[in-house]
Amino acid sequence: MKAMVGYCLFALSTIVPAILFPDNYYVTVVGVTICTNIVLAVSLNLLMGYAGQISLGHAAFFGLGAYSSAVLTVKYGIEPWIAMIAGAFMVAVISYILSRPILKLKGHYLAMATLGLGIIVHIFFVQADQLTGGPDGMSGLPVLTIFGIPIDNDIKWYWTFAIFMLLSVLFSLNIARSRSGRALAAVHGSEIAAQMLGVDTAKVKSHIFVFSAVLACITGSLFAHQQDFVSPESFGFFFSIELVTMVVLGGLGSTYGAVVGAIILSLLPELLIVFEDFEVLIFGAILMTIMIFLPQGLFVAMEQAFHNFMNRREQGAANATS
Amino acid sequence: MQLLEVRDLEKKFGGLKAISDLNFSVTERIIFSVIGPNGAGKTTLFNLLTNIYKPSGGSIRFLGREITSLPPYKIAKMGITRTFQNLQVFLNMTALENVMVGCHLHSSSGLIAAALRLPSVTREEKKVREMARQALEFCNLQDIAHMPASALPYGTLKRLEIARALAAKPRLLLMDEPAAGLNDTETMELCNLISRICESGITIILVEHNMSLVMEISHHVLVLNYGELLAQGSPYEIQHNSEVIAAYLGED
């Protein structure tokens, strides 16, 4: 029950601003970016935080989603919905095939392999210019229509992203407290012990890899339609690293941690614009300070502090009555 | 029928024979202890039985079925689970969640159902929680159910690992040095716990250095030395076997 209260508060905090200020820049532009980053960070956290499998190539799946929507709708005139589903299906197949060999690797080797995957996909976007438009990217995507409603202005896009984001967060929270979530955490804790309890660790890792990739892919499709433009630079190595930073900054293994990380990394650049030339410097300093003093992540640290505070108060109350 | 039959088991690490020509069988509902000096191959034997190491030769049959080449998770499915010499508790979970992972084989919901939290998932969660509670209670751990495992003392973690293994409802439980690092009181409790597990119908293979514990609770003892079977029999026979005494104390 407590978990649902937290989720409802979170949902309200995304809905209320949009109702009150439908034209505000921070809702229509920054809000969409935040929602995009939240879904990506939450999906990456399923793999990194829950299952403990690092990925430095998550942006590749985001990019594959965006490009499959762009290419299929613009070059082949396919319906946006069908293009989106086709993209998700393709990414599911690709990620499933890749997952078995890649996830056999551990630690640094897994980091290397996923890094390579991200770079290969990025090179493909740049080089296959007949298909993807090369470094210039491509635009002119048709309008996406959801249940007969054309998504053709900023606030409609905000709602689309907000709903998709809220669903993803709910999925992630649900998985955490389920048989699958525990199996993932068991893989994280001790793979050998997990196997001895009957967990098919290779299968569990592969399933979450596919799930996480497909979530990122659908986000990519929405992103392509919303921006009406795709280019390789949105899906490069640096964006993958940024996603990892979001997950770690908020707190590895916590869904809301990924949410908080995504919000901070999306908002900070907006807020730091006033410092002009020093923006990047201050941005880096803030990230470093958080990680030095709260290595378990901002959200997780705050959660622990809150728990300690409540426990102390309860004890205080118990002492007072006895 | 024998529960477990090991025939001509062999394991080489390069030129070193860690286990050679090992033959033994385990009947159901007994405490079967494996003892031997350090480096005799006891943990290697456990790793072979659970196929964490691939045997170099020989066969292992469980309930009449060949399990020599099954992956560990399938061996677990057949009804064999184990505890570890160096603890393998999931430190990223609470005690209860650890034991709930133990119920993995007795639940079935998948990733998509979990994400959507279908009614079947909620029902299963309730069932699993109850099963885990029972296993915790059996090991007298109900009071620490919601503590994070990382906050628990060593002796409690050892019992938690046993509770987790029991939640899997195995036919055969392999215990690798469960008494290592425990004080006298904790060892007494453990002794009692192992006997109760056996009474509940689970066969136990025990690797242990604490001789008084082994001699007190075992029905059958097997002595390994340099990877070979030195002797086997009842605790009384082993205690009076001159070869065993020589291996432990050195010949004069």
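Residues are numbered from 1 along each chain as its sequence is written, while chains are lettered from A and ligands numbered from 1 in the order in which they are written. In this predicted model, local features need pLDDT of at least 70 and side-chain atom pairs count only at pLDDT 80 or more, whereas totals for chains, interfaces and linings use all residues.

**Exercise 1. Find the strand order of the open sheet of four strands in chain B, and say which strands stand at the edges.**

Solution. Let's begin with the terms. Helices (H or I, at least four residues) and strands (E, at least two) are DSSP runs, numbered from the N terminus. Two strands pair if DSSP finds at least two bridges between them.

- Step 1: The order is β2-β1-β4-β5 (chain B), and the pairing is antiparallel.
- Step 2: β2 (16-26) and β5 (65-66) of chain B each have a single partner strand, so one side of each is left without a neighbour in the sheet; these are the edges.
- Step 3: Look at β1 (residues 4-13) and β4 (residues 57-62) of chain B, an antiparallel pair with five bridges. Here Val6(B) has Ile60(B) of β4(B) as its bridge partner.

**Exercise 2. Trace the partners of β9(B).**

Solution. 

- Step 1: β9 (residues 220-225) of chain B runs parallel to β3 (residues 31-35) of chain B, joined by four bridges. Within this pair, Ser33(B) is bridged to Val221(B).
- Step 2: β9(B) also pairs with β10 (residues 228-233) of chain B, this time in the antiparallel sense over five bridges. Leu222(B) is opposite Gln232(B) there.
- Step 3: Two residues lie between β9(B) and β10(B), which form a hairpin. In its turn, Tyr226(B) has a positive phi of about 50 degrees.

**Exercise 3. Describe how the two domains of chain B meet.**

Solution. 

- Step 1: Domain 1 covers 1-79 + 179-252 and domain 2 covers 90-169 of chain B, with bounds that come from an automatic or database domain assignment.
- Step 2: Their centres, taken over C-alpha atoms, are 27 Å apart.
- Step 3: Seven residues of domain 1 touch eight residues of domain 2 in chain B, where contact means C-beta atoms, placed from the backbone, within 7 Å.
- Step 4: On the domain 1 side, α2 (72-78) and α7 (184-199) of chain B give two or more residues. The most come from α7(B), with three residues.

**Exercise 4. Work out what chain A brings to its contact with chain B, then how α8(A) packs on α10(A).**

Solution. 

- Step 1: The contact takes 27 residues from chain A and 32 residues from chain B.
- Step 2: On the chain A side, α7 (154-176), α8 (179-189), α9 (191-196) and α10 (201-227) of chain A give two or more residues. Nine residues come from α8(A), which gives the most.
- Step 3: α8(A) and α10(A) pack at an angle of about 115 degrees, their axes 10 Å apart. They are therefore roughly perpendicular (65 to 115 degrees).
- Step 4: The residues in this contact are Ala183(A), Leu184(A) and Val187(A) of α8(A) and Thr201(A), Val204(A), Lys205(A) and Ile208(A) of α10(A).

Terms used. Axes are lines fitted to C-alpha atoms, for helices over the stretch in contact, and angles run from 0 to 180 degrees between N-to-C directions. Angles under 35 degrees count as roughly parallel, over 145 as roughly antiparallel, 65 to 115 as roughly perpendicular and the rest as oblique.
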